[in-house]
Amino acid sequence: MSNKQMQKRVASMREALFKQGYLDEQFSMLEELEDTENPNFCEEIVTMFFRDYVRHINDIDRALAKNPINFEKLEDLMHHFKGCCCRVRGTFEQLKKESATLKTKLEAYFQAARQAGPSQTADRPK
């Protein structure tokens with residue numbers, strides 16, 4: 001696949017992620033912070049987010065599994081989790097599934113973007 005074809009594929013993947021509601025304006029703002037000094041800034045931030053996110057999910061899972069539940073600790077964990085999260089829809093289990101889907105989609109996007117090389121714009125699709 002040529003570089004031009006890869007860039008078109010990346011643009012199509014990115015547009016689909018926006019249309020499906022997985023990405024929003026915050027993602028575009030992260031992309032705008034990339035430059036020649038740090039061309040993978042957005043990917044690095046997303047990777048850190050998922051690392052923290054998984055840790056928070058696991059902490060909450062462990063707290064919910066304890067009997068009796070320490071609601072004070074659970075409240076503290078949920079407060080920290082809220083700070084980590086940018087989008088919550090539905091139940092806790094659904095959230096875990098959605099985050100796994102998002103992670104998979106973004107990993108594919110970033111892999112294709114690295115293969116395609118630098119693009120000219122980071123504009124949000126209309």
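**Note on the salt bridges and helices**

1. Glu-107 and Lys-103 form a salt bridge, with their closest N and O atoms 3.9 Å apart; the term covers a side-chain nitrogen of Lys or Arg within 4 Å of a carboxyl oxygen of Asp or Glu. About one helical turn separates Glu-107 and Lys-103, because they are four residues apart in helix α5. Glu-107 is partly exposed at a relative accessible area of 44%, and Lys-103 is also partly exposed, at 35%. Here buried means under 20% relative accessible area, exposed over 50%, and partly exposed in between (1.4 Å probe, protein chains only).

2. The model is predicted: local features need pLDDT of at least 70 and side-chain atom pairs count only at pLDDT 80 or more, while totals for chains, interfaces and linings use all residues. Residues are numbered from 1 along each chain as its sequence is written, and side-chain values use heavy atoms, with hydrogens and water left out.

3. The protein chain has five helices and zero strands, in the order α-α-α-α-α along the sequence. Helices (H or I, at least four residues) and strands (E, at least two) are DSSP runs, numbered from the N terminus.

4. The salt bridge count is seven. One of them joins Glu-43 to Arg-114, with the closest N and O atoms 2.4 Å apart. This pair links distant parts of the chain: Glu-43 belongs to helix α3 (residues 41-65) and Arg-114 to helix α5 (residues 92-116), 71 residues apart. Glu-43 is buried, at 19% relative accessible area, whereas Arg-114 is partly exposed, at 46%.

5. Asp-59 and Arg-62 meet in a salt bridge at 2.5 Å, N to O. Both lie in helix α3, three residues apart, or about one turn of the helix. Arg-51, Asp-52 and Arg-55 are linked in a network of salt bridges.

6. Which residues of α3 are buried? They are Cys-42, Glu-43, Val-46, Phe-50, Tyr-53, His-56, Ile-57, Ile-60 and Ala-63. The end C-alpha atoms of α3 are 36 Å apart, which agrees with the 36 Å that its 25 residues should span at 1.5 Å a residue; the expected span is 1.5 Å times one less than the number of residues.

7. For the protein chain as a whole, buried residues make up 27% of the 126 residues. Of the contacts (heavy atoms within 4.5 Å) with a separation of 6 or more, 67% are between residues 24 or more positions apart. The chain exposes about 8900 Å², with carbon and sulfur atoms supplying 53% of it; accessible areas come from the Shrake-Rupley method with a 1.4 Å probe.
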